[in-house]
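My notes follow in the order in which I made them.

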Amino acid sequence: MEGIRGKNVFFILLGSAIFAFGLVHFNMENNLAEGGFTGITLLLYFLFQIDPALSNLVLNIPLFIIGWRILGGRAFIYTLIGTLSLSLFLWIFQKYSALSIPLQNDLTLAALFAGVFVGAGLGIIFRYGGTTGGVDIIARLGSKYLGWSMGKTMFVFDFCVIALSLVYLNYKEAMYTLLAVFVAARVIDFIQQGAYAAKAAMIISENNKEIANNIMSQMDRGATVLNGKGSFSGVQKEVLYCVVARNELVRLKNIIRHVDPHAFVAVNDVHDVLGEGFTLDENKNPIEH
């Protein structure tokens, strides 16, 4: 199908393998639940011994239709790949993996590793356009149409599923499961946003022109002049707006401090940066990340 990229497929498979490894070796081995549809598959496993590799497929059949109708053909293919590969890797790690990581005596460590592996796996899958079905589709729709964070959307849904899992979890295991889900949500957002994370600076100074020139000459970054007005004084002022990579923030502050030590500077996190210097090079060609 047109638009399907081998690189995306590879990373979706890689993310599915990481996700499945975490579920088998940290969640299932240490009696920790999980959120979303995955949590439902674990619920069926612990209560009725139904293989998660099988229940994952059965539960996702209705959502395949939603993925096709709402997300489009390419997203549906990526979702299909993610869901099928997750079931495959779950089956492989359960049947053929000789590795055992029993951490019942240190559930903090088990929860942290479960969260990191699940979050890293899902974060990679999401970043390359895929899902593993279930609540992943719901989270992706929320991100696409409502601008919601995928990690936060999944955390709310996960909480509800974990509440149902109390039928087989004791309170201690439930609390550690919540820790794992929280860590996973943070890791998902970090991987989703980390590639383009940057800092935005709003600068108010009597020497904005000199600061802007130094930013362009010393950092090869642009700056935008905005018109502002003091709410108390009513005086018109120019506000300099500049976006830089996180590791460039110290250089930016040094430039501002050197030109005008009394400048007013407000710095904010930027989680999604598109355009020249971030996703496009100087010739307007895409930068591969």
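I began with helix α1 (residues 6–28) and helix α5 (residues 107–127), whose axes come within 7 Å and cross at roughly 160 degrees; the axes are lines fitted to C-alpha atoms, for helices over the stretch in contact, and the angles run from 0 to 180 degrees between N-to-C directions. That angle makes α1 roughly antiparallel to α5, a label kept for angles over 145 degrees. I noted the crossing of α1 and α5 as left-handed, the near helix being turned anticlockwise from the far one by less than a right angle. On the α1 side the contact (heavy atoms within 4.5 Å) includes Phe11, Ile12, Phe19 and Phe26, and on the α5 side it includes Phe113, Phe117, Ile124 and Ile125. I sorted the residues of this contact into 16 nonpolar, 5 polar and no charged, with Ala, Val, Leu, Ile, Met, Phe, Trp, Tyr, Cys and Pro counting as nonpolar, Asp, Glu, Lys and Arg as charged, and the others, Gly among them, as polar.

For provenance, I record that this is a predicted model, in which local features need pLDDT of at least 70 and side-chain atom pairs count only at pLDDT 80 or more, while totals for chains, interfaces and linings use all residues. Residues are numbered from 1 along each chain as its sequence is written, and side-chain values use heavy atoms, with hydrogens and water left out.

Next I looked up helix α9 (residues 208–219) and helix α10 (residues 249–259), whose axes come within 10 Å and cross at roughly 140 degrees. α9 passes α10 in a right-handed crossing, which is the clockwise case. Glu210, Ile211, Asn214, Ile215, Gln218 and Met219 of α9 meet Arg251, Leu252, Ile255, Ile256 and Val259 of α10, and I count this contact as 7 nonpolar, 2 polar and 2 charged.

Staying with α10, I checked Leu249, which lies in that helix. Is Leu249 buried or exposed? Leu249 is buried, at a relative accessible area of 12%, where buried means under 20% (1.4 Å probe, protein chains only). Leaving out residues up to four places away in sequence, Leu249 touches Lys199, Val244 and Val267. Its C-alpha atom is separated by 8.8 Å from that of Ala198, 51 residues apart along the chain.

How values were computed: Helices (H or I, at least four residues) and strands (E, at least two) are DSSP runs, numbered from the N terminus. Buried means under 20% relative accessible area, exposed over 50%, partly exposed in between (1.4 Å probe, protein chains only). Angles under 35 degrees count as roughly parallel, over 145 as roughly antiparallel, 65 to 115 as roughly perpendicular and the rest as oblique.
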